[in-house]
Amino acid sequence: MKPSTSPSLRKELSVGEVARRSGVAVSALHFYETKGLISSRRNAGNQRRYRREVLRVVALIKVAQRIGIPLAEIADALATLPQRRAPTAEDWRRLSDGWKQRLEERIDHLTKLRDQLDGCIGCGCLSLEACPLRNPDDIAATAGPGPRLFDPGAAAQDQARG
């Protein structure tokens with residue numbers, strides 16, 4: 001009896017099949033590959049072929065992105081997994097445990113931002129000198145003239161991480 005070659009049973013998938021089954025654009029898959037998050041091989045016709053396990057890896061990437069984990073951190077986490085194997089439930093538990101603190105920090109930061117925003121709506125001034133959202137204690141003045149990207153919560157989290 002000849003083995004089945006249906007798309008759901010093949011060991012390798014084309015980039016289009018991975019995109020269709022994962023719900024991720026082909027361009028995103030190519031991007032993930034350039035960042036080292038996933039890998040493929042080239043067949044005799046120079047077309048990408050992905051192992052079926054890539055579907056789980058892509059799912060893991062999308063979940064991690066949805067909770068706000070940057071791709072660089074996702075890449076670091078994926079590097080801890082054994083090569084050529086789909087992430088297991090235990091792998092996911094280990095990775096997600098490492099991300100829970102980060103997510104809690106984000107929730108705390110967003111909660112504080114929401115609470116400050118309520119006060120800002122009541123005040124309506126949007127003062128660049130006194131507003132606790134835009135420029136607490138006028139600390140942006142020390143950076144000199146011109147616009148600044150200012151997120152005190154993110155800066156404090158970056159400093160805490162070292």
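Two strands are taken to pair if DSSP finds at least two bridges between them, and in this predicted model strand 2 (residues 41-42) and strand 3 meet that condition with 2 bridges in the antiparallel sense.

**View 1. An open sheet is built from 3 strands in the order 1-3-2**. The pairing within this sheet is antiparallel. Strand 1 and strand 2 stand at the edges, and because each has a single partner strand, one side of each is left without a neighbour in the sheet.

**View 2. Strand 1 (residues 12-14) runs antiparallel to strand 3 (residues 48-51)**. The two strands are joined by 3 bridges, and within this pairing Ser14 is the residue that stands opposite Arg49 of strand 3.

**View 3. Strand 2 and strand 3 form a hairpin**. Between the two strands lie 5 residues, and in the turn Asn46 has a positive phi of about 65°. Arg41 stands opposite Arg49 in strand 3, and Arg49 is also the residue that faces Ser14 across the sheet pairing.

**View 4. Trp92 and Trp99 form an aromatic pair**. The count of such pairs comes to 1, and the arrangement of Trp92 and Trp99 is edge-to-face, with 5.9 Å centre to centre and 65° between the planes; the planes count as edge-to-face because that class begins over 60 degrees. Trp99 has a relative accessible area of 6% and is therefore buried, the cut-off for that class being under 20%, whereas Trp92, at 28% relative accessibility, counts as partly exposed.

Note on methods
Residues are numbered from 1 along each chain as its sequence is written. This is a predicted model: local features need pLDDT of at least 70, side-chain atom pairs count only at pLDDT 80 or more; totals for chains, interfaces and linings use all residues. Side-chain values use heavy atoms; hydrogens and water are left out. Helices (H or I, at least four residues) and strands (E, at least two) are DSSP runs, numbered from the N terminus. Rings of Phe, Tyr and Trp (its six-membered ring) pair if their centres lie within 6.5 Å; planes under 30 degrees apart count as stacked, over 60 as edge-to-face and the rest as tilted. Buried means under 20% relative accessible area, exposed over 50%, partly exposed in between (1.4 Å probe, protein chains only).
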